[in-house]
Amino acid sequence: MTDMTKTDTFAGRVALITGAGQGIGRVFAKGFARAGAKIAIVELNEDSGRSVAAEVEAECGAGTVIAIRADVADPAAVDAAIAETLEAFGRIDIAINNAAIFSTLKMRPFEEIPFDEWRQVMRVNVDGVMLVSKACAPVMRGNRHGRIINISSGVVTMGRPHYLHYVASKAAVVGMTRAMARELGADGITVNALLPGATFTEIERETVTPAQKTQILNMQCIKRHETADDLLAAALYLASDGAEFVTGQSIAVDGGTTFR
Ligand SMILES: NC(=O)c1ccc[n+]([C@@H]2O[C@H](COP(=O)([O-])OP(=O)(O)OC[C@H]3O[C@@H](n4cnc5c(N)ncnc54)[C@H](O)[C@@H]3O)[C@@H](O)[C@H]2O)c1
């Protein structure tokens, strides 16, 4: 259940959230705003980014959010998005690398994935995480504080078939999380990955059939479907001051589907 309570836990903090125009990122934007953070939505789809910004503003007030249209795989666009966030809010404390090519993917044997599609998934899901983290790192270093939260996926642990590019990209995110944690820890910056299970949002997708939906429930210890709020709770923890000694981790939030 979404906690609608407003707090000042993250008052004075700024959270940059990629891909927050819908789905899980939308819930992150609203949840971090409710927890007192200022929000920069970095989203390829300009309309959806603006629409979520309007939702945040309606709930948390004018001046709490900006929506920036940017492709996370485009270095110049990422740099411009960071500059725009700094101009608006003066700092970046939390970066959530959530944008990915995901809900639009079609399931198919890996031999049938067009190479162009493979490259595009890598560009967004891997290059995007690197570029946004690279652009935020100097800002966080300057504050000697930062939280980078990378959204990977439980499919890495399961080896889920029929979207090999996606699985490969999310495995890369786990590796990058560990290596970035080592490189940034001395500057007070933590880097962690969340590995969601099958999470149902307002967006329809073809990657889970009704039969698979039932199967997923059978695999979970906790017998209800995962929601984006489950992930929000974990992200709020990782972003908190109390999590300053937790870094390099890959945390599965999947109702107990996988154990690492
Ligand atoms: N929903 C799930 O079951 C699930 C499970 C495991 C992991 N995940 C991961 O969680 C994250 C969010 O998932 P979701 O279900 O909300 O996905 P989604 O496909 O509904 O939303 C992705 C968002 O990213 C944006 N985006 C895509 N390419 C972009 C780019 N190049 N630059 C900027 N923005 C871009 C899209 O416009 C969209 O708003 C993704 O990283 C996904 O891989 C989701």
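This is a predicted model: local features need pLDDT of at least 70, side-chain atom pairs count only at pLDDT 80 or more; totals for chains, interfaces and linings use all residues.

Analyst: Let's start with the names: helices (H or I, at least four residues) and strands (E, at least two) are DSSP runs, numbered from the N terminus. Residues are numbered from 1 along each chain as its sequence is written. As a case of reading the names, H162 sits in the loop between α5 and α6.

User: What does the phi of H162 tell me?

Analyst: Most residues other than glycine have a negative phi. H162 is not a glycine, yet its phi is positive, about 80°. R144 is another non-glycine residue with a positive phi, in this case about 50°. You will find R144 in the loop between α4 and β5 (146–151).

User: Are H162 and R144 buried, partly exposed or exposed?

Analyst: The words have cut-offs: buried means under 20% relative accessible area, exposed means over 50%, and partly exposed lies in between (1.4 Å probe, protein chains only). H162 has a relative accessible area of 41%, so it is partly exposed. R144 counts as exposed because its relative accessibility is 53%.

User: Where do N97 and A76 sit, and how do I read their accessibility?

Analyst: N97 belongs to strand β4 (residues 94–97), and it counts as buried because its relative accessibility is 3%. A76 belongs to helix α3 (residues 75–89), and at 55% it counts as exposed. N97 and V42 are 55 residues apart along the chain, with 9.8 Å between their C-alpha atoms. A76 and L131 are also 55 residues apart along the chain, and their C-alpha atoms are separated by 9.6 Å.

User: What about G256, after β7?

Analyst: G256 lies in the segment that follows β7 (250–253). Its 19% relative accessibility is why it counts as buried. From G256 to M219 is 37 residues in sequence and 7.9 Å in space, C-alpha to C-alpha.

User: How many aromatic pairs are there?

Analyst: Rings of Phe, Tyr and Trp (its six-membered ring) pair if their centres lie within 6.5 Å; planes under 30 degrees apart count as stacked, over 60 as edge-to-face and the rest as tilted. This structure holds three such pairs. One of them joins F10 and F32; with 5.5 Å from centre to centre and 45° between the planes, the pair is tilted. It links distant parts of the chain, 22 residues apart: F10 in the segment before β1 (14–18) and F32 in helix α1. Both residues, F10 and F32, are buried. Elsewhere, ring pairs link F102, Y163 and Y166 into a cluster.

User: Which residue lies over the face of F200?

Analyst: A charge sits over a ring if NZ of Lys or CZ of Arg is within 6 Å of the ring centre and within 35 degrees of the ring normal. Here K213 lies over the face of F200, 4.3 Å from the ring centre. K213 is part of helix α7 and is partly exposed, with a relative accessible area of 32%.

User: What lines the largest pocket?

Analyst: A pocket is found on a 1 Å grid over the protein atoms alone: it is an open set of points where a 1.4 Å probe fits, with protein on both sides within 12 Å along at least five of seven lines, and its lining residues have an atom within 4 Å of a point. Grid points are joined across faces, edges and corners, and the volume is the space filled by probe spheres set on the points. The largest pocket has a volume of about 1,100 Å³. Its lining has 49 residues, and A100, I101, F102, S103 and Y166 lie nearest the centre. Helix α7 gives the most to this lining, with four residues.

Notes: Side-chain values use heavy atoms; hydrogens and water are left out.
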